[in-house]
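I opened the notebook to look up pockets, cores and confidence in this model. The entries follow in the order I took them.

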Amino acid sequence: MHKKTKDRLTDLFITLILFAVALLIIVPMVWITICAFRPQKELMQYPPQFFTSNFTLQNFTEIARRIKIWGYVKNSVVYCLASTIPSVFLNSLAGYAFARLSFKGKNVLFIMILATMMIPFQVIMVPLFLEVYKMGMYDTFAGLIVPNLGAAITVFMTRAAFSMLPRELEEAARIDGLSEFGIFGRIMLPLVKPTIVTVIVLGINGAWNDLMWPLLITSNTNMRTVTNGLAMFIDSSLQYGTAFAGAFISICPMFVLYIFGQKYFVEGTASSGLKG
């Protein structure tokens, strides 16, 4: 068999695998979208039909009537932005220090930070809960946000991105009289924009889909995020239409975020050492 034929068969095989994986991801999302606008009685019929011509907004009005869904969405937005933006800034500063500065114990400290990525959240959630409770931050946004400000993955990714930049840039900036913070903010940070966007997308997505910590640290209905609010509602509801409507509301913001950030996301993962 000729080499060109082998290459074509290999490309075809890879294309078929990617197509199958894409279907596994897309079909459930399409199904959730269709069911969110489908009448309740059609969801109960057997055999089920994939498509429908009877679209309705009744499921959305019903879920808005039964739970404070838009309040949950607002809480999730506050939680995502307030925990991600400061976290990215602080951890990118750490990544810059590990990549560009020399200080005693740098490598040991970096390894210790990376080691925290190996610890499951379930191991530390009880001590973390007790710490937050003793500090008087239970059932508050501060209790939700503060424990999420440290992110080892952000330190790792930004360090990798900053390490790839040439030394001449900061040397020229120092000659021009820029301080270390000036070099970081005005020279280095704009050059690793894809990585910064990547960690922002990952941070927002992680906070938006976080179920365990908001469920643990909040008990007030007004403090619930969209994930634990929907989890508690679906657990006590037999109305599949409203459940699908809630799932659709939950998925949409992250889908839109990825659509607008996917270009930088791909570039950022490639330049920060997370390539498969």
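How many nonpolar, polar and charged residues are in the lining of the second largest pocket? I counted by class and got six nonpolar, two polar and no charged residues.

**Entry 1: the second largest pocket.** I am working from a predicted model. I looked up the volume of the second largest pocket and noted about 250 Å³. I then listed its lining: Ile25, Met29, Asn209, Ser250, Ile251, Met254, Phe255 and Tyr258. Two helices, α1 (3-36) and α14 (240-271), each supply at least two residues of that lining. With five residues, α14 gives the most.

**Entry 2: the largest pocket.** I next took the largest pocket, which holds about 1,000 Å³ of space. Its lining has 31 residues, and Pro147, Asn148, Gly150, Ala151 and Ala152 lie nearest the centre. I noted the elements that give two or more residues to this lining: α4, α6 (121-134), α8 (152-163), α11 (193-208) and α12 (212-217). The largest share, six residues, comes from α4. By class I wrote down 20 nonpolar, 10 polar and one charged.

**Entry 3: the nonpolar cores.** Which residues have the most contacts inside the largest nonpolar core? I found Ile67, Ile69, Leu144 and Val226, in a core of 27 residues. Elements that each supply at least two residues of this core are α1, α3 (58-66), α4, α7 (141-145), α11, α12, α13 (226-235) and α14. I recorded α4 as giving the most to this core, with five residues. Apart from this core lies another, of 14 residues, and I noted Ala99, Ala173, Phe184 and Ile196 among them.

**Entry 4: Val226.** I picked Val226 from the largest core and looked up its contacts, leaving aside neighbours within four places in sequence. Val226 is in contact with Ile69, Tyr72, Val73, Ser76, Trp208 and Ser250. Of these, I had already listed Ser250 in the lining of the second largest pocket, and Ile69 in the largest nonpolar core.

**Entry 5: confidence.** The mean pLDDT of the protein chain is 83, and 93% of its residues reach 70 or more. Which element has the lowest mean pLDDT, and which the highest? I found the lowest, 74, at helix α2 (residues 40-43), and the highest, 91, at helix α4 (residues 69-100). Where pLDDT is low, the predicted coordinates should not be read in detail.

Conventions. Residues are numbered from 1 along each chain as its sequence is written. This is a predicted model: local features need pLDDT of at least 70, side-chain atom pairs count only at pLDDT 80 or more; totals for chains, interfaces and linings use all residues. Side-chain values use heavy atoms; hydrogens and water are left out. pLDDT is the predictor's confidence in each residue, from 0 to 100. Helices (H or I, at least four residues) and strands (E, at least two) are DSSP runs, numbered from the N terminus. On a 1 Å grid over the protein atoms alone, a cavity is a set of points where a 1.4 Å probe fits but cannot get out, and a pocket is an open set with protein on both sides within 12 Å along at least five of seven lines; lining residues have an atom within 4 Å of a point. Grid points are joined across faces, edges and corners, and a volume is the space filled by probe spheres set on the points. Ala, Val, Leu, Ile, Met, Phe, Trp, Tyr, Cys and Pro count as nonpolar, Asp, Glu, Lys and Arg as charged, and the others, Gly among them, as polar. A nonpolar core is a set of buried Ala, Val, Leu, Ile, Met, Phe, Trp, Tyr and Cys residues joined through side-chain atoms within 4.5 Å. Buried means under 20% relative accessible area, exposed over 50%, partly exposed in between (1.4 Å probe, protein chains only). Contact means heavy atoms within 4.5 Å.
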